[in-house]
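Biologist: Could you walk me through this chain, one feature at a time? I would like to learn how to read each one.

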Amino acid sequence: MRTDKTILITNDDGYESEGLKALVEAMRTVARVIVAAPATEKSACAHSLTLTRPMRFVEVDDDFYKLDDGTPTDCVFLALNAYFCEKEKPDLVISGINRGSNMGEDITYSGTVAGAMEGVLLGVPSIAISQVCKDKCQNIFDFGYDLAAEVAKELAIKVLDGAFPLGERKLINVNVPPIKKSEFKGYKVTKAGYRVYANSAHLHRNPRGEEYYWIGLPALEWIPSSGAQICDLSAIDDGYVSITPVHLDLTSYEDIKTLEDWL
């Protein structure tokens, strides 16, 4: 274990999630670990920062804190203020292990990816990692988090013993296929794919007869990749761990001239 290195861990499934526990256990064999996780599930909260009310960290265990009703972004932002200083940042931020995929345009919804986004915005190398399920009914314990934890450990060691391979404001988004550790086929560096979305809002009535909507989970479908670069969804479908470089510059450079001409 590298006692001179520190990893800050967060997630969006909440501080009691099994994926978080698996990640923490794996990372504690690599470096000192500090956990700052939401007190409740914050899935699909995206890169939201809480500005309208105060929040507080609650110590759950040594170097393990839950943030009262905070988002993953809140957790990273506040942890760097509470437990680090400008000259002593963590060496790595890891967000996960998320239960479910974060591929294609789902990256924009993801609280898991947002935790890593906040890390790179604050100048810390960051990785988001998710354990894909085939569908919303699949039991995660059909395959467990062993492979995802091993992948996270391998990548963390590469960063801590070497260097982060990406530049400023860029993160690594990792998705792990729903297979057992013994079935691991390897890694694929991928682009973010094109998800196919459907309106999965479900209308119901409560016992008082009032209507309400509940947003469901669309099937994991996508448009096949064009060109040589495989997308994250296709790599997962083929049984590989998908590793996607993500940068926070959302500018569509190819359309700048088009927009200037239009104006």
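Modeller: Gladly! The chain has 6 helices and 13 strands; helices (H or I, at least four residues) and strands (E, at least two) are DSSP runs, numbered from the N terminus. This is a predicted model, where local features need pLDDT of at least 70 and side-chain atom pairs count only at pLDDT 80 or more, while totals for chains, interfaces and linings use all residues. Residues are numbered from 1 along each chain as its sequence is written, and side-chain values use heavy atoms, with hydrogens and water left out.

Biologist: What share of the residues count as buried?

Modeller: Buried means under 20% relative accessible area, exposed over 50%, and partly exposed in between (1.4 Å probe, protein chains only). In this chain, 46% of the 263 residues count as buried.

Biologist: Where do the nonpolar residues gather, as a general idea?

Modeller: In soluble globular proteins, nonpolar side chains tend to be buried together. A nonpolar core is a set of buried Ala, Val, Leu, Ile, Met, Phe, Trp, Tyr and Cys residues joined through side-chain atoms within 4.5 Å. The largest one here has 40 residues, and Ile7, Ile9, Met27, Ile129 and Val174 touch the most other members. Among the elements that each supply at least two residues are strand E1 (2–10), helix H1 (18–27) and strand E7 (170–176). Helix H4 gives the most, with 9 residues. There is also a second, separate core of 13 residues, which includes Tyr65, Cys75, Leu80 and Val124.

Biologist: Which residues does valine 174 touch?

Modeller: Contact means heavy atoms within 4.5 Å. Not counting residues up to four places away in sequence, the partners of valine 174 include Ile129, Ser130, Leu155 and Ile243.

Biologist: Is serine 130 buried or exposed?

Modeller: Serine 130 is buried, with a relative accessible area of 0%. This serine sits in strand E6 (residues 126–131). Leaving aside neighbours within four places in sequence, its contacts include Ile97, Asn98, Thr112 and Val174.

Biologist: How many residues of helix H3 are buried?

Modeller: Helix H3 (residues 111–121) is mostly covered, with 10 of its 11 residues buried. Thr112, Met117 and Glu118 are among them. The buried residues of H3 pack against E1, helix H2 (72–82), E5, E6 and E7.

Biologist: What joins glycine 96 and isoleucine 97?

Modeller: A cis peptide bond joins these two, with omega about -10°. Isoleucine 97 belongs to strand E5.

Biologist: What is phi of alanine 44 near?

Modeller: Phi of alanine 44 is near 60°, a positive value in a residue other than glycine. Alanine 44 lies in the loop between E2 and strand E3 (57–61), and at 53% relative accessibility it counts as exposed. Alanine 46 is in the loop between E2 and E3, and its phi, near 55°, is also a positive value in a residue other than glycine.
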